[in-house]
Amino acid sequence: MLFAVGLSLSLAVSACTPTQQANTTTSPTSATTSVASSQPQQSNVIRIGYQKYGTLSILKSRGSLEKRLASQSTSVQWLQFPAGPQLLEALNAGSIDFGHTGEAPPIFAQAAGAPLVYVANEPPNPKGEAILVPKDSPIQDVAGLKGKKVVFNKGSNVQYLVVEALTAAGLKYSDIQPIYLPPAEARAAFEQGSVDAWGIWDPFFTVAKRATGARVLKDGEGLVANREFYLAAKPFNDQYPDRTKAI
């Protein structure tokens with residue numbers, strides 16, 4: 001409970017740093033400004049937060065939603081986020097209308113009072129996230145992480161994975177040195193050898209394995225479900241349930 005409360009408080013004050021991807025009907029603007037300003041929702045624009053994985057990325061690439069909404073004179077604004085906690089911070093601030101995350105971030109967001117609605121979910125994918133160690137690391141199991149530096153995105157699914165893996169190995173969270181970084185910075189720290197292990201999800205997980213030869217110390221199998229959830233801001237869902245359904 002203390003762990004969840006601590007993460008809830010950290011989520012409430014964490015910075016959100018999306019990269020805006022504008023469609024053909026909206027002009028690019030500063031991502032920082034678009035999120036931080038929390039401007040009132042435009043009735044003819046749906047703001048969707050997405051990450052570098054999952055079905056929303058496919059939806060964006062195909063342009064299916066834009067085609068479906070064209071007859072309603074409604075456009076889509078896509079905003080990219082490094083991880084779920086940052087995306088839900090923006091949803092809580094009223095800066096996006098819809099998004100997706102793993103299973104852990106919405107729990108922390110709800111604890112912080114975020115007005116969100118669960119819309120749908122994907123099947124479990126426990127092997128889609130893991131704790132990695134360098135290929136030549138002497139660490140052979142999770143118990144070997146005691147006293148070591150483990151990097152991951154704070155409040156994310158992989159922090160939940162790390163906690164569950166430590167518990168299964170008979171360790172406490174306080175037995176490791178957690179380093180909180182988003183995926184890009186975490187990979188740099190991992191490759192430079194400034195941390196001993198890295199908790200990460202796909203596609204970063206697979207890319208890092210292939211690029212660095214990193215070993216999987218433990219994936220989510222038998223520990224966590226690692227589901228992907230689709231979430232709408234409650235005010236948006238209440239006002240435009242037909243748009244939620246369309247997405």
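**Exercise 1.** In this predicted model, determine what handedness the crossing of α8 and α9 has, and how the two axes are oriented.

*Solution.* Begin with the handedness: the crossing of α8 and α9 is right-handed. Next take the axes, where helix α8, covering residues 183-192, and helix α9, covering residues 204-212, come within 12 Å and cross at roughly 25°. Because angles under 35 degrees count as roughly parallel, α8 is roughly parallel to α9. Then list the residues that make the contact, which are Pro183, Arg187, Phe190 and Glu191 on the side of α8, and Phe204, Val207, Ala211 and Thr212 on the side of α9.

**Exercise 2.** Locate leucine 181, and decide whether leucine 181 counts as buried, partly exposed or exposed.

*Solution.* Leucine 181 lies in the loop between β8 (177-180) and α8. Its relative accessibility is 25%, so leucine 181 counts as partly exposed, since that class lies between the cut-offs of 20% and 50%. Leaving aside neighbours within four places in sequence, leucine 181 is in contact with Val151, Phe152, Asn153, Ala186 and Ala189. For valine 151, which is 30 residues apart from leucine 181 along the chain, the C-alpha separation is 6.5 Å.

**Exercise 3.** Find the loop that holds serine 156, and work out whether serine 156 is buried or exposed.

*Solution.* Serine 156 sits in the loop between β7 (149-152) and α7 (157-168). With a relative accessible area of 3%, serine 156 is buried, because buried means under 20%. Not counting residues up to four places away in sequence, serine 156 touches Pro85, Ala104, Pro105 and Trp201.

Definitions and conventions. Residues are numbered from 1 along each chain as its sequence is written. This is a predicted model: local features need pLDDT of at least 70, side-chain atom pairs count only at pLDDT 80 or more; totals for chains, interfaces and linings use all residues. Side-chain values use heavy atoms; hydrogens and water are left out. Axes are lines fitted to C-alpha atoms, for helices over the stretch in contact, and angles run from 0 to 180 degrees between N-to-C directions. Helices (H or I, at least four residues) and strands (E, at least two) are DSSP runs, numbered from the N terminus. Angles under 35 degrees count as roughly parallel, over 145 as roughly antiparallel, 65 to 115 as roughly perpendicular and the rest as oblique. A crossing is left-handed if the near helix is turned anticlockwise from the far one by less than a right angle, and right-handed if clockwise. Contact means heavy atoms within 4.5 Å. Buried means under 20% relative accessible area, exposed over 50%, partly exposed in between (1.4 Å probe, protein chains only).
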